[in-house]
Every structure is written in structure tokens, then in C-alpha cells.
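Have a look at the fold first, then read on.

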Amino acid sequence: MTERTDFSDLVRERRAELGISLRELESRALDPETGEQVRFGWISKVEKGRSVDAPAPAVLRALAAGLQLPLRVLQEAAAAQFLDMTSQVWSEDRTTRVLAARIEEMTDEERRQLADIAETFARRRTQRSGSGQGKSDD
């Protein structure tokens, strides 16, 4: 069985998306509750996939602040990597993670519109499979 890297990948990829250095992330990664700061060396080890212990709640809150992500997204990634747990909002291809991360930033109206889009896709897929026009065996 291969070792999971969900959390490491998320931290590395999100930092790259933000265009910030490890030092910049260190300065931003402060737990709003305790003031604890995530250290450069620990972040570097995480990103490189080196062995680290599962992050404490204060570390997750600090990274959530530093990476500008909802805490839940980091919790899901940590649970996947360190506990081999996967929830319904997690996906290997990042699409579900991106949606979960961004949904909290949306207005109620935007969430309703996104839900309508998802329902439209589901209806179309059901209609195609019901008429024998489902996925091909490419």
C-alpha cells in the first residue's frame, strides 16, 4: 500500500497557488486562537513528504489562516493522510476539495446556483443512461 500524501500535496499546491514562499507562509500561519505559529522547517518537511506527526488542531487552524482555506479542508486532508480516512467531500483529483473550499466563500444565491448546475448534470446523466446513451467503452 502506498503512503498517502493528501495533506502534503494540499499544503504545497495551495502555497504555489498563492505564489508565496515558505517563509511567507510561516509568517502568515498563526493560530487565531492561541497565537501559535507554524515553523518553516515543519512546513518544509510536510511539503517534501518527510515523516511528520499528524498536526495538532492549533497547527491546522494556523495553516488554514496562512493558506486562506477553510479549516475543514485541512482537517479532511490531514485525516486522509495521517489516519487513512476519507470523507465524502474528499477526492483524489482535487475537484471536490476545491468546491468544498470555495463554497464557504459563496453567497446563498451563488450556492443555490451551483446546486442547480449540479442537479442539471445529474438529470442529464440519468436521462442519457435511461435512453441507452450512457458512457461509451472508449
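This is a predicted model: local features need pLDDT of at least 70, side-chain atom pairs count only at pLDDT 80 or more; totals for chains, interfaces and linings use all residues.

Residues are numbered from 1 along each chain as its sequence is written, and side-chain values use heavy atoms, leaving out hydrogens and water. Helices here are DSSP runs (H or I, at least four residues), numbered from the N terminus.

**The core**
- The largest nonpolar core has 22 residues, and the members touching the most others are Phe7, Val11, Leu25, Val38, Leu63, Leu67 and Leu74.
- A nonpolar core is a set of buried Ala, Val, Leu, Ile, Met, Phe, Trp, Tyr and Cys residues joined through side-chain atoms within 4.5 Å, with buried meaning under 20% relative accessible area (1.4 Å probe, protein chains only).
- At least two residues of this core come from each of α1, α2 (22-28), α3 (40-47), α4 (57-67) and α5, and α4 gives the largest share, six residues.
- Leaving aside residues up to four places away in sequence, Val11 touches Leu25, Ile43, Val46, Glu47, Leu63, Leu67 and Leu74 (contact means heavy atoms within 4.5 Å).

**Helix α4, wrapped up**
- Nine of the 11 residues of α4 are buried, so α4 is largely enclosed by the rest of the structure.
- Arg61 and Gly66 are among the buried residues of α4, and the cover over the buried residues includes α1, α2, α3 and α5.

**α4 against α5**
- The axes of α4 and α5 are 9 Å apart, at an angle of about 125 degrees (axes are lines fitted to C-alpha atoms, for helices over the stretch in contact, and angles run from 0 to 180 degrees between N-to-C directions).
- That makes α4 oblique to α5, oblique being whatever is left once under 35 degrees is roughly parallel, over 145 roughly antiparallel and 65 to 115 roughly perpendicular.
- On the α4 side, Leu60, Arg61, Leu63, Ala64 and Leu67 meet Leu71, Leu74, Gln75 and Ala78 of α5.

**α1 against α5**
- Helix α1 (residues 6-18) and helix α5 (residues 71-83) have axes that come within 6 Å and cross at roughly 140 degrees, which makes α1 oblique to α5.
- Asp6, Phe7, Ser8, Leu10 and Val11 of α1 meet a set of α5 residues including Val73, Leu74 and Phe82.

How values were computed
Buried means under 20% relative accessible area, exposed over 50%, partly exposed in between (1.4 Å probe, protein chains only).
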